[in-house]
Amino acid sequence: MATEEISRTQGLNPSQQSSSLPDYPQMILEAIETLNEKEGSSMSSIAKQIDSTHSDLPASHSTLLSHHLNQMKQMGQIVMLNNNYSKPDPNAPAKRGRGRPPKPKVPLPPGVVVSPPRPRGRPPKPKDLLASPKPKSVSTGRPRGRPPKKAKTGTATAPPPPPGVKRGRGRPPKVLPSVGFQ
């Protein structure tokens with residue numbers, strides 16, 4: 001059972017696993033070392049090298065190769081530059097993530113107690129119960145704000161329609177004042 005699980009993770013069935021094929025990551029690394037190209041090896045050159053070295057490859061060789069190349073690239077076992085794969089340089093600096101790096105934290109001397117971080121926002125005003133209330137400013141006699149509307153008085157409004165008569169749709173026609181015609 002354990003050999004079947006291992007072979008499934010590599011994409012091979014048990015009959016092909018019994019042959020003398022090494023696993024794909026090992027074959028890929030051997031092909032990159034054998035080709036030893038300065039700019040790295042392309043996927044097609046790696047495939048040709050593996051094909052020439054190992055004759056009994058499965059029918060899904062190209063799919064397995066691309067899968068394992070991507071997997072090895074994600075794990076950092078190989079590096080891809082300009083569509084060419086190569087081994088990572090051991091002297092190269094580690095690959096940095098995106099964005100601005102965090103500031104280095106200075107270690108505190110022993111015995112110093114770290115206070116909790118300050119809360120966000122504006123601090124509240126102090127509530128002093130013993131303080132005398134503020135004296136009111138000199139008022140002008142008028143209250144603050146906009147004065148309230150006053151009710152209209154003495155204006156002529158149109159008489160309400162007789163009950164039971166429905167109004168028509170839209171704006172009503174202009175009522176002409178009754179002027180004597182001669």
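Residues are numbered from 1 along each chain as its sequence is written, and side-chain values use heavy atoms, with hydrogens and water left out. Because the model is predicted, local features need pLDDT of at least 70 and side-chain atom pairs count only at pLDDT 80 or more, whereas totals for chains, interfaces and linings use all residues.

Histidine 61 belongs to helix α5, which comprises residues 61-75, where helices are DSSP runs of H or I with at least four residues, strands are runs of E with at least two, and both are numbered from the N terminus. With a relative accessible area of 11%, histidine 61 is buried; buried means under 20% relative accessible area, exposed means over 50%, and partly exposed covers the values in between, with a 1.4 Å probe and protein chains only. The side chain of histidine 61 is also joined to that of tyrosine 24 by a polar contact of 2.8 Å. Such a contact is a pair of N or O atoms within 3.5 Å; within protein, one atom must be able to donate a hydrogen and the other to accept it, and residues adjacent in sequence count only if both atoms are side-chain atoms.

The protein chain as a whole contains 5 helices and 2 strands, and from the N terminus on these elements follow the order α-α-α-α-α-β-β. Of the 182 residues in the protein chain, 16% are buried. Among contacts between residues at least 6 apart in sequence, 51% join residues at least 24 apart. The protein chain exposes about 17600 Å², of which carbon and sulfur atoms supply 57%, the accessible areas coming from the Shrake-Rupley method with a 1.4 Å probe, and for residues only the protein chains shown count as cover.

Two packed helices are described by the angle between their axes and the distance between the axes. Helix α3 (residues 24-35) packs on helix α4 (residues 43-53) at an angle of about 105°, with the axes 9 Å apart; axes are lines fitted to C-alpha atoms, for helices over the stretch in contact, and angles run from 0 to 180 degrees between N-to-C directions. This angle makes α3 roughly perpendicular to α4, since angles of 65 to 115 degrees count as roughly perpendicular, those under 35 as roughly parallel, those over 145 as roughly antiparallel and the rest as oblique. From α3, the contact is made by Met27, Ile28, Ala31, Ile32, Thr34 and Leu35, and from α4 by Ser45, Ile46, Gln49 and Ile50. These residues divide into 7 nonpolar, 3 polar and no charged, with Ala, Val, Leu, Ile, Met, Phe, Trp, Tyr, Cys and Pro taken as nonpolar, Asp, Glu, Lys and Arg as charged, and the others, Gly among them, as polar.

The axes of α3 and α5 come within 10 Å and cross at roughly 80°, and these two helices are therefore roughly perpendicular to each other. Here the contact is made by Tyr24, Pro25, Ile28 and Leu29 of α3 and by His61, Leu64, Leu65, His68, Leu69 and Met72 of α5, a set that divides into 8 nonpolar, 2 polar and no charged residues.

Within α4, the buried residues are Ser45, Ile46, Ala47, Gln49 and Ile50, and what covers them includes α3, α5 and β2. Serine 45, at 16% relative accessibility, counts as buried; a polar atom of its side chain lies 2.8 Å from the backbone oxygen of serine 42, and serine 45 touches Leu35 and Glu37, residues up to four places away in sequence not being counted. Threonine 34 of helix α3 is, by contrast, exposed, with a relative accessible area of 51%, and its side chain reaches the backbone oxygen of glutamate 30 at 2.7 Å. Threonine 34 and isoleucine 46 are 12 residues apart in sequence and 9.5 Å apart in space, C-alpha to C-alpha.

Two asparagines have a positive phi. Asparagine 36, in the loop between α3 and α4, has a phi of about 50° and is exposed, with a relative accessible area of 63%. Asparagine 82, in the loop between β1 (79-81) and β2 (84-86), has a phi near 55° and counts as exposed at 70% relative accessibility.

Technical notes:
Contact = heavy atoms within 4.5 Å.
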